[in-house]
Amino acid sequence: MCEPTAVQGRLPIFLYLARPMQDYLKGLNDRQYEAATHINGPLMIVAGAGSGKTKVLTTRIAHLMAKGVDAFNILALTFTNKAAAEMKERIEKMLGNNEARNLYIGTFHSVFARILRGEAHRLGYPNSFTIYDSDDSKSVIKSIVKEMELDEKQYKPNVVLGRISQAKSSLIGPLQYQEDYYLQQEDQRTNRPAIGKIYKRYADQCFKNGAMDFDDLLLKMYELLNTFPEVLLKYQHKFRYVLIDEYQDTNAVQYQITKLLAAAHENICVVGDDAQSIYSFRGATIENILQFQKDYDDVKVVKLEQNYRSSKNIIEVANTVIRQNKGQIPKDLWTDKDQGDKIKVVATMTDNEEGKYVSTMIQELKLRDHYHNHDFAILYRTNAQSRAYEENLRRGGIAYKIYGGLSFYQRKEVKDYIAYLRVIANTRDEEALKRIINYPVRGIGKTSMERLQTIANQHNMTLWDVILRAPETGLKGAALEAIRKFITMMQYFQSLQTHKNAYEIAFEVGKHTGLVKELFNDKTVEGLARYENVQELLNSIKEWTDQQENLSQIDEEGTVQEGITDQTLQNATTLGLYLQQITLLTDADNDKEDADVVKLMTIHAAKGLEFPVVFVGGVEETIFPSGLSINTREELEEERRLFYVAITRAKEKLWLTHANSRYRFGNVVANDASRFLEELPKDYIDRSFSGGTGSGFGRGDQHFGGGFGAGGFSRGSGFGSQNDAAAAARKYGPPPAKKQQPYKSTVLPTQAPPQQKVQVHVPKGDFVPSDTTGLTEGMEVEHLKFGFGTVIKMEGAAHNRIATVDFKTNGEKKIMLNYAKLRIL
DNA sequence: AGACGCTGACTTTTT
DNA sequence: GTCAGCGTCT
């Protein structure tokens, strides 16, 4: 191992950096210092929650650069764009110059996508390959299942994709998959023996489309390095220093790639916390941490156990929770912070009251302890839980923001628009082509498409090539003319690529396709939102090209270019580059941090973040732990680690809430308190808070006819039945996926015939809207004062109803009451 | 081709 | 509660 020396000609920078660096190192404790400055050779940092792991990583990178290592030689891999951006920003601040922009810092996916963009041709892909998000992947799988005439119920895209994804993350190709005895057994057992064949066709189809899915970005990167020694050498030489954040979340492919990359210099530093491993469902394996120590002779291991985030009470509870798991790397977090408040465990009657309780408590804390909105986070296990909080926060006039959920780029209108751009950049992209060929409507209908598709399949041609030769396909008349026009238009767009940037092309697309105009003419509420979204998309493309132009003023060697050529600018702002970037973006990446809002997100999304006050909701059996993850010890332990992550997000105050009943799937459902709550150390818990809202009970939102009790869990000492089930599952595999109750919750009896449908426009005796709503059939939209799913008070009825309101989309702006479901409220 | 009416699937978690 | 998607009718 040779000590890195200052690169020739860079000494002035080195001297300039040296001083602030030294100051910064002083802020580290001994362990952190050790980890940050031991820059040569393999290093594993086992970092507990809140132990300053990001600080160490950034200091380490800055330190490397201070020692004269060029930014271009440093590769730092993270799991979220946010973590990457944050790291970059911090380093920039520490260095006080713009050297950091030359660092390779990004998610595995985005860094590899960037590399593959230069190398994909070696693997037979176009360099402007498309990146398929999961929606695209599912759509491909769906059409394959249809073509193979398999049972679509049995081969749901979600399930099949999950299976393929797991295989890919474990470096198992389609052929190997079909030969693997164990995998085949599993597929037989679940009655899905054709998955191997689907996998093969899926891989072929993606290749034909010139597309890589998320897993391919890793897999193809591995293939590239593994197949082409000269490529491997190039990147080994380039990335002399490799750093990996959240190492416990890496899967087999990621492990192999980083191993290859680091093999030459062995300057690899991984940071992880086995206690926070929560992504095994997507192939992550803690094994990688253990294996790491075996792979290199002289691995240095540094443990960071001092927590700088949370109060003593919170740390104690967290430690107790994680100790229930077997096979952890022994680690004891400690803190010299104050004892703090006890952890509050609160039970409420309903999910709605859980939301109400939290919103009331936030208001109280703001008044009493002068907290701000941005000090609060509400965390939950599943996205669906956000609604109850949302309603109550809105009612309480508290500003909030929900993170996660449907991404901006997943909205239909945005996807449609982007589909055009995708076809322009890569005509092989069949998914995108199918999406836009008749949108907006241009007279290329189902029949024509079927014919074209069949010919494409028969001759193993791409759909686009068949379309180009449409006159030979037997299509004629209006259809042929429509296709001819479509081709002319698309070829015009394609021709723009040589001299126009992504924004200019996107603008032209909007203008010539009539996409923007069509949305503009749609004056309904949703239409307006769609129009705004498309505008927003165009804005963001503009923003991106501007930003790229600035960045491209610096070349690969790090020197600022004087007379930058138009060509360089053009290369940095191409449509293809833009498309590859955005597919890997999530909503969390372009939000403005500074807003004073309460944050709502899943626990997964909260990893790596911290908040003064945290509410964890729905701490109930079947939700947390998830009913789908209690069958094996491994699954349950992952849920427990997730619980650990939730707890350790809190700095000062922590609430764990659970509701006796909640809406789920439109049903009222009763859940027991989570088993995790029973594992908490009593002395650190305060259960004295009542979730009741005083006057609330009785006339609350939900009435129970028959009370609880029927069915439910037989828990208590040793929760026997579940262990039996788990044992059976281990022995015989998971139970057949037939029609069984997906959740073990008790469905509460209702007072009236449930789910009875009532035609509103054929009113029955008991279905008369009262004057309070003023709702009549065929009413003008302008008078509509409520949204979808509005509760309508019914005269003479013992209960309220929920009506679905549809807008007439053509002609006059009229609404129609579609149907209503009878439901107890 | 498009509007309409209705069914059923969804609920782990993310790049 | 919500929504995509299917079949049917115009």
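This is a predicted model: local features need pLDDT of at least 70, side-chain atom pairs count only at pLDDT 80 or more; totals for chains, interfaces and linings use all residues.

Visitor: What makes strand 1 and strand 8 a pair?

Guide: Strand 1 (residues 43–47) is joined to strand 8 by 5 bridges; the cut-off is at least two, so they pair. The two run parallel, and Ala47 sits opposite Leu304 of strand 8.

Visitor: Why is one side of strand 3 and of strand 8 left without a neighbour in the sheet?

Guide: The sheet is an open one of 6 strands, ordered 3-2-6-7-1-8, with parallel pairing. Strand 3 (104–107) and strand 8 (300–304) are at its edges and have a single partner strand each, so one side of each lacks a neighbour there. From one strand to the next, the twist averages 15 degrees.

Visitor: Which helices lie on those strands?

Guide: Helix 2 (residues 30–37) lies across strand 1 and strand 8, at about 145 degrees to strand 8. Helix 5 (residues 108–119) packs on the sheet too, touching strand 2 (74–78), strand 3 and strand 6 (241–244). Its direction makes about 120 degrees with that of strand 3.

Visitor: What makes you call helix 18 mostly covered?

Guide: Buried means under 20% relative accessible area, and 13 of the 14 residues in helix 18 are buried.

Methods:
Residues are numbered from 1 along each chain as its sequence is written. Chains are lettered from A and ligands numbered from 1 in the order in which they are written. Side-chain values use heavy atoms; hydrogens and water are left out. Buried means under 20% relative accessible area, exposed over 50%, partly exposed in between (1.4 Å probe, protein chains only). Helices (H or I, at least four residues) and strands (E, at least two) are DSSP runs, numbered from the N terminus. Axes are lines fitted to C-alpha atoms, for helices over the stretch in contact, and angles run from 0 to 180 degrees between N-to-C directions. Contact means heavy atoms within 4.5 Å.
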